[in-house]
Every structure is written in C-alpha cells, then in structure tokens.
Amino acid sequence: MKALRAYAALYLAFLYLPVLLLPLFSFNASHFIAFPLSGFTLQWYRELFADVAMLHAFGNSLEVGAVTALLSTVLGLMAARAVTRYRLKGAGAVLGFISLPLFIPDIVLGLSLLLLLGAVDFPLSLAAVVLGHVSLCLPFALTVLIARMQGFDRNLEEASADLGEGPWMTFWRLTFPLMLPGIAAALLLTFITSFDEFLLAYFLSGTEATLPVYIWGQLRFPERLPMVLALGALILLASVVVVILAEWTRNLGVSKKSVGA
Amino acid sequence: MAFLSVQKVSKRFATLAAADAVDLEVPQGAFFALLGPSGCGKTTLLRMIAGFAEPDEGIITIDGAVMNGVPANKRPTNMVFQNYAIFPHLNVFDNVAYGLRKEGLGRQALRARVEAMLGTVRLEGLDGRRSDELSGGQRQRVALARALVRRPKLLLLDEPLGALDKRLREAMQVELRGLQKSLGITFLLVTHDQEEALSMADQVAVMSGGRILQIASPRALYERPNCREVADFIGEINFFHATVKSVEGETVTANAGVLGLLSIPKPNFGFGFALGDHILLALRPERITLEGGTVAGEITAASFLGERSHYQVRIAGRGEPVFVAASGPAPPGAVMLGWNPADMIALPFGA
C-alpha cells in the first residue's frame with residue numbers, strides 16, 4: 001500500500017514536474033534555464049507580446065484550429081447520424097478507416113499528405129494544414145458525437161415526424177438541441193488538437209507558420225528561449241481550461257440518467 | 001369504404017412475416033383495439049398506419065386517401081408512443097405546442113389551444129415542468145395531449161398504459177374511453193393486455209403470427225370466439241374433445257367422452273361440420289357449477305379472489321383439471337359439475 005502510494009506520487013511528479021518548470025522559468029530573470037533562480041521578471045511576457053511574427057503565427061493557429069474544428073464536427077455529426085440511424089453495410093469498416101489516422105504515426109501521415117498534395121499541385125498553405133488536421137481530428141469528433149447520438153431514443157425523432165416535422169426541422173428542433181453538449185465538446189476537442197499539432201503543420205504549412213511551428217523555429221536562438229517558455233506557459237493554461245470545458249459540456253445532462261428515456 | 005382501411009397488407013422482416021395479408025376496416029369514431037401477444041405483428045401494423053414503416057404489399061387508406069408512400073409527417077394520424085417519447089429538452093407546454101408550428105397561430109391563440117388541451121387531459125398548471133420532473137401518469141397525459149392537440153383524424157396508441165401501475169391503469173382506461181367518446185376521434189389501440197382491449201374498445205381484432213384471427217365486439221369475442229387460439233387468449237377457458245354424433249333440427253349431439261353425450265344448440269357452431277367430425281367444446285369457468293350437475297369430481301386447488309373463487313377440479317378420465325369460477329364457498333367433499341349445454345362453444349379441432 002505504501003509502495004503503491006509512493007509509485008503514484010513518483011508517477012505524477014514525472015508527469016507534471018517538467019510541465020511546472022515551464023511557467024516557473026518563464027518568470028526567471030535570466031537567459032539560462034538553470035537553478036538557482038535569479039529573480040522574478042515579466043520581461044519575457046513583454047517581449048512575447050511585442051513579437052509581431054509570434055502574434056501572426058498565433059492568428060494562423062486560431063484560424064486553422066477554428067476551421068478544422070468546424071469542419072470535423074460537421075462531418076463527424078453527419079457520419080455519426082448515418083452510423084447510428086441507418087443500418088449501413090460496411091459501417092464498421094468505414095468507421096475503422098476513419099479512425100486509422102489515430103494509429104498511423106504522424107510523421108508517416110504528414111509525409112504521405114505532403115506527397116499527395118505535391119502530386120495534385122495543391123500549394124503548401126494553411127488550407128493544406130486544415131486538410132491534414134481534419135483527417136486527424138475527425139476520429140475524435142466522431143467518437144464524442146456517436147456516444148451522444150446513441151444516448152438518445154429513436155422514438156423521439158419518430159415522434160417529431162409524427163407531429164408534422166420533416167427531417168430538416170426535426171434536426172433543428174430536436175436532434176441539434178439534444179446533441180448540443182456533444183457538439184460543443186467535439187468543437188473544443190478538435191480545436192485544441194489542431195492548435196497543439198506540430199508535425200503535420202510543419203510539413204504542410206509552407207511559408208505561413210502556425211504557433212507550434214513558429215516555436216520550433218525560435219528554439220534555434222538561445223536568447224529567445226525564455227520567451228518561448230512564457231508562450232508555452234500561456235498555451236498550457238489555455239489548453240487546461242479548454243479541456244476542462246470540453247469534459248464539462250460533454251457530460252451535461254448525462255448525469256440525469258440517459259437522455260430522453 | 002371504411003374510415004381506416006387496410007387491404008391485403010403484408011410486411012416481412014427477413015423470413016418473419018410481421019403482417020400476412022392483413023385486412024382491417026375501422027369505422028369513423030370507433031375505439032378499435034389490436035390485441036395479441038408480443039411479436040404477433042400488431043405494432044408493425046400500427047407503425048405502417050403511422051408511416052414509420054411501408055408495407056411490402058397491400059394498401060392502407062385513411063378517410064379515402066391512400067397512405068402508401070406518404071411520409072409520417074404528412075399523415076392525418078398522431079401517435080402516443082409506448083415510452084411516451086416526451087422531448088427531454090422541452091417543458092410540458094413546448095412539448096404540447098411542438099406539433100402546432102405549421103398552424104402559424106399567434107402567441108395568444110397558441111397558448112389558448114395548448115392550455116385548453118392541458119385542461120382536457122387534466123395537466124393544468126404543469127406547463128413549465130420538464131419530462132424528468134413528471135410522474136409516469138403525467139408523462140402519459142403529456143404524450144396524449146401532444147398528439148390530440150393536432151386534432152388528428154386517427155389517434156394511434158401503442159401500449160399506452162403498459163408502463164403504469166394497476167390502479168392508474170384502470171383509472172386511465174375509463175378516462176381514455178371517456179375522452180374518445182367526447183372528442184369523437186377514431187382511436188386505434190395496440191395492446192397485449194386483453195383486459196385493456198376488452199374494457200375500452202368497441203371492436204377488437206385478435207392477431208397472431210402476422211394474421212388477424214377474429215374481429216368482433218369484446219362481448220362477442222368472449223362469448224363466441226371463432227378458434228381455439230382466440231378462446232385461449234381471451235380469458236380462462238376449458239377445452240373438451242368431442243365428436244359430432246347427430247344433428248336434429250337446431251340441436252347437435254356430440255360425444256364428449258368423460259362428459260357424456262351433450263346436446264348443443266346449432267348456432268353455437270360458427271363453422272361448417274359433418275357427422276363424425278372431431279371438434280373442441282369450450283366452456284368458461286364461470287359457466288360451470290360445483291353442485292347439482294352430472295359429472296363427479298374433487299377439488300384439488302382453490303384460490304379465494306374476493307367476489308369469486310377459482311377452483312381446479314379433477315374428474316375421472318381427464319388428465320388436466322377443469323377450471324371453475326364460483327361465488328360463495330365450495331361444498332364440502334366431492335362436487336358434481338354442471339353446466340348449461342347452451343354455454344358450450346363449439347370450435348373446429350384443427351384451427
């Protein structure tokens with residue numbers, strides 16, 4: 001029992017100590033990342049917000065993340081509806097293939113996308129990054145949405161039809177509001193996945209850098225390192241907030257037994 | 001043509017025939033019940049009438065209009081679902097108002113219409129409740145109000161009382177019946193509960209294996225079942241094997257083995273028969289007396305049910321007991337079973 005507790009403590013320390021070093025050194029008044037700490041400063045944060053290239057890359061990441069989130073959630077919603085509402089031949093196989101990008105190494109996925117886009121003369125750009133990210137994020141969206149869709153009673157949709165509504169109004173008046181927590185969770189999850197993603201963006205972004213690609217570029221300059229730490233600390237904070245938000249919305253209404261029973 | 005007409009409708013799921021050339025005519029303003037054990041095809045038939053399933057063959061018409069190919073949202077029917085299917089994200093008022101969108105009522109007219117309907121099903125004051133804040137009986141009323149507020153030509157009810165406890169079920173049976181009579185809307189009820197069907201409906205169709213066995217009034221079903229399956233499904237009954245001995249005028253004499261020779265009125269035979277035919281004679285438990293009869297027996301089991309008691313009586317030469325329902329206490333010792341031959345229902349042996 002004691003050993004188990006020690007193991008758990010060790011594990012958590014291994015997991016989170018490095019992550020906690022990030023914000024710690026981002027306030028340290030020295031270029032060198034070493035103990036002892038030399039004093040408190042906000043200099044790196046000031047430099048960060050004065051860095052136009054960084055802000056531009058940040059904007060790119062927001063843009064890519066938002067478009068990716070929207071696309072993968074809409075596609076995921078349609079796929080989830082198809083899988084849960086109709087008896088489709090080969091639905092299992094299709095679902096498997098959709099989930100495959102989760103298991104293919106990103107570097108393989110990135111290389112193959114690079115080759116494909118080159119072959120069809122698609123310019124390396126933020127749009128290319130979005131394409132890559134959607135293939136990566138769709139499985140996440142799909143998993144969340146299918147779970148939510150399975151949670152509600154088919155009779156509800158039949159009741160809506162019975163009360164005079166066609167498929168389109170049934171979707172807007174019934175399915176969409178009931179799916180809303182799942183949709184919000186899928187949006188947040190896919191956004192954060194895209195926002196944090198480096199490898200595909202590195203391969204596909206061309207001249208426009210996303211934030212992770214920009215950070216990677218900055219690592220060549222030792223004097224820029226504290227600023228990158230400050231940036232990392234901020235991204236960490238935002239990620240934690242978004243993930244907590246996603247979990248919270250995903251479980252909305254689920255605690256009240258199953259939906260619509 | 002009848003108000004609701006189902007003509008030669010068939011529906012197969014893989015190899016199972018859920019409906020096998022079903023014919024059904026329901027007059028306007030009737031309270032009609034489809035009665036049968038689970039899996040007999042009654043729910044499939046209801047879903048085809050509602051538009052949730054299409055028949056493989058046959059025609060369904062409502063008020064003269066052919067319904068085949070018409071989607072559920074364009075049919076003049078509304079349904080009370082078995083699990084009520086109350087929309088969980090809407091309150092009672094919005095659930096009931098859901099189906100009125102296309103009528104384009106103003107706020108006040110909409111409110112008046114919904115409130116009036118909530119009054120009809122006795123749900124006044126619950127407008128703001130959500131489905132998880134309602135009792136089973138209240139949910140049932142919301143489902144009913146939501147369907148009736150659209151003033152359908154035909155209301156479909158899929159086992160509407162199955163989820164309620166016994167007391168509430170009996171109260172709702174009376175209430176549904178009263179509602180149907182006062183609104184004059186045609187009700188089509190699907191149920192596996194014979195008591196529910198018999199107590200509410202004007203006409204009952206008994207289904208089994210995708211076919212309709214008999215369509216009759218509740219009393220006629222009970223007193224004149226047309227086959228063994230219907231007789232068995234509607235209430236308790238005793239069957240006796242017999243052969244037709246002779247026919248004289250309006251009286252048929254049958255040899256019923258241990259019961260001896262019986263003279264049965266010819267009208268009790270609802271089917272064609274010949275001398276020597278093997279037939280079944282069916283007799284309800286409450287039509288048998290324990291005293292003053294001709295067949296000796298002994299009581300092997302008795303259960304007291306208040307207004308009447310049920311007895312199992314063993315008679316010589318018969319493996320299974322005879323079921324008897326009688327009011328008052330049983331006589332001590334051996335009993336002499338008696339009956340009026342006119343109460344014997346003759347059924348074909350094969351069916």
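At what angle do helix H1 (residues 2–26) of chain A and helix H11 (residues 225–250) of chain A pack? In this predicted model, the two helices meet at an angle of about 125 degrees, and their axes lie 8 Å apart. H1(A) is therefore oblique to H11(A), since an angle counts as roughly antiparallel only when it is over 145 degrees and as roughly perpendicular when it is 65 to 115 degrees. The crossing of H1(A) past H11(A) is left-handed. On the H1(A) side, the residues that make the contact are Val19(A), Leu22(A), Pro23(A), Phe25(A) and Ser26(A). H11(A) contributes Pro226(A), Leu229(A), Ala230(A), Gly232(A), Ala233(A) and Leu236(A). Sorted by class, the residues of this contact between H1(A) and H11(A) are 9 nonpolar and 2 polar, with no charged residue.

Reading chain A along its sequence accordingly gives the pattern α-α-α-α-α-α-α-α-α-α-α. The C-alpha trace of chain A spans about 70 × 60 × 35 Å along its principal axes.

Chain B can be followed domain by domain. Its domain assignment gives domain 1 (4–232) and domain 2 (239–348). The centres of these two domains of chain B, taken over C-alpha atoms, are separated by 38 Å. Where the domains touch, 6 residues come from domain 1 of chain B and 6 residues from domain 2 of chain B. The domain 1 side of this contact holds 3 nonpolar, 1 polar and 2 charged residues.

How many bridges join E1(B) to E2(B)? There are 7, and the two strands run antiparallel. Within this pairing, Val9(B) is found opposite Val22(B) in E2(B).

The next step leads from E4(B) to strand E5 (residues 65–66) of chain B, an antiparallel pair joined by 2 bridges. Thr61(B) has Val66(B) in E5(B) opposite it. E4(B) and E5(B) form a hairpin with 2 residues between the strands, and Asp63(B) takes a positive phi near 50 degrees there.

In which order do its 5 strands lie? This open sheet has the order E13-E12-E11-E14-E20 (chain B), and its pairing is antiparallel. Strand E13 (261–265) and strand E20 (345–348) of chain B are the edge strands, each pairing on one side only. On average, and with direction ignored, neighbouring strands of this sheet are turned by 45 degrees against each other.

Strand E11 (residues 238–248) of chain B has partners on both sides. With strand E12 (residues 251–255) of chain B, E11(B) pairs in the antiparallel sense over 5 bridges. Two positions illustrate this pairing: Glu248(B) stands opposite Thr251(B) in E12(B), while Ser246(B) has Thr253(B) in E12(B) opposite it. E11(B) and E12(B) form a hairpin with 2 residues between them, and in the turn Gly249(B) has a positive phi of about 60 degrees. The other partner is strand E14 (residues 278–283) of chain B, which pairs with E11(B) in the antiparallel sense over 6 bridges. In that pairing, Ala242(B) faces Ile279(B) in E14(B).

Finally, the two chains can be considered together. The contact between them takes 18 residues from chain B and 17 residues from chain A. On the side of chain B that touches chain A, the residues divide into 9 nonpolar, 5 polar and 4 charged.

Key. Residues numbered from 1 in each chain as written. Chains lettered and ligands numbered in written order. Predicted model: local features only at pLDDT ≥ 70, side-chain atom pairs only at ≥ 80, totals over all residues. Pairing = 2+ DSSP bridges. Helix = DSSP H or I, 4+ residues; strand = E, 2+ residues; numbered from the N terminus. Axes fitted to C-alpha atoms, helices over the stretch in contact; angles between N-to-C directions. Parallel < 35°, antiparallel > 145°, perpendicular 65-115°, else oblique. Left-handed = near helix turned anticlockwise from the far one by under 90°. Contact = placed C-beta atoms within 7 Å. Nonpolar A, V, L, I, M, F, W, Y, C, P; charged D, E, K, R; others polar. Domains from an automatic or database assignment.
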